[in-house]
Amino acid sequence: MIVRTMLRGLIVGMIGAALLLAPGAGQALAGERITVKFPTVHGDPKSLFNQGAVKVGEVLTRKFGDRIKFEHYPASQLGNEREILEGLRIGTIEMTTSGVPGTAEPLFDIIDMPFLFRDRNHVYTVLDGPIGKEILEKNRDQRLVALGYWENGWRHITNNKRPINVPADIKGLKQRVVEHKIYLATMRALGANAIPIPYGELYTSLKTGVVDGQDNPLINIWTAKFFEVQKYLTLAGHVYSNNVVFVSRKFWDGLSADMKAGFQEAVQEGAVHIRKESIQADKDLVAKLKAAGMTVNEIKDKGPFVEATKGVYDQFASIFPPELVKRIRDTQSKMYDYVK
């Protein structure tokens, strides 16, 4: 009996020690300081996602003080986006914002469909509401927890050949696109010769004429200095570009309920901060890009572009249910006070 009691005590002690030593879980349960590594791939400190990461750190520090040690690693210090996500999956990285969320859950990519949203109020109403939450919860990658959406902005088209007013103006242009099936399909539907090129190689590709143009949010066009190697900017707004914020499941499962709520609050505060910065950037950058020498035009009638890209929805109907697309389009917009 004495031996059995001693053995039971030894087993309980070993289990307790294992819990205390477990990454994330042990730190949280023991009340020790928790390290949160948040890498991003963007080098410019003014990048929206770098600003968002800094905001998350500020909120977590404000809420939890010395219980959190927040470390931001910009400029791909911990790898590219796919490598960073793998770090989250195995638990060596705690948190990130990803521009390739479809690798975790294909449904995340529905937000990238062309001309899906009417305006920012519509976007935010969908993403902050029941539909946005449903999409986050459908994440199939059980090693990642999806906490929210961060804005990259409306994508606009630049090129060195001509202004774009109708889809025929895009026909034949060599347009760089993200290596993303929806972006490829969208540009091809508009008649472009779509060529996937990594972002880090894009400036040189534009400068040397490997491609005629590209599409990106205004803030990326500005910070990457594409205006130095591009003549025409067309305000198309054909895609609303966003990232998903992920936390490692291994890390998340070890957090207390109050810490989980704090992380969710921090991600949403980061989202609002990024939205405000993105909105202001869009207001300021058109004038700056004009002053830098770009010829800027805005597509007044998007109807022909919408019609030209209808086939993209048919192409991906098995991934993005038409009823979900309809729910998104039918969503009545709330008015956000920071959307001016």
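**A friendly note on cores and pockets**

1. Let's start inside: the largest nonpolar core has 45 residues, and I68, M95, W150 and F263 have the most contacts within it. Helix α11 is the element that gives the most to this core, with 10 residues. A nonpolar core here is a set of buried Ala, Val, Leu, Ile, Met, Phe, Trp, Tyr and Cys residues joined through side-chain atoms within 4.5 Å. Buried means under 20% relative accessible area (1.4 Å probe, protein chains only). There is also a second, separate core of 39 residues, including I131, A146, I182 and Y240.

2. Before going on, remember that this is a predicted model, where local features need pLDDT of at least 70, side-chain atom pairs count only at pLDDT 80 or more, and totals for chains, interfaces and linings use all residues. Residues are numbered from 1 along each chain as its sequence is written, and side-chain values use heavy atoms, with hydrogens and water left out.

3. Which residues does M95 touch? Leaving aside residues up to four places away in sequence, M95 touches V36, K37, F38, P39, V56, L88, V245, F246, V247, F263 and V267. Contact means heavy atoms within 4.5 Å.

4. Now the whole chain: 14 helices and 9 strands are present. These are DSSP runs (helices H or I, at least four residues; strands E, at least two), numbered from the N terminus. Of the 340 residues, 51% count as buried. Among contacts between residues at least 6 apart in sequence, 75% join residues at least 24 apart.

5. Next, the open spaces. The largest pocket holds about 1,200 Å³ of space. A pocket is an open set of points on a 1 Å grid over the protein atoms alone, where a 1.4 Å probe fits, with protein on both sides within 12 Å along at least five of seven lines; lining residues have an atom within 4 Å of a point. Its lining has 39 residues, and E81, V100, R176, V178 and Y199 lie nearest the centre. Elements giving two or more residues to this lining include α4 (81-90) and β8 (232-248).

6. The second largest pocket has about 440 Å³ of space. Of the 22 residues that line this second largest pocket, K133, L136, A146, L147 and G148 lie nearest its centre. Strand β4 gives the most to that lining, with 6 residues.

Definitions and conventions: Grid points are joined across faces, edges and corners, and a volume is the space filled by probe spheres set on the points. Buried means under 20% relative accessible area, exposed over 50%, partly exposed in between (1.4 Å probe, protein chains only).
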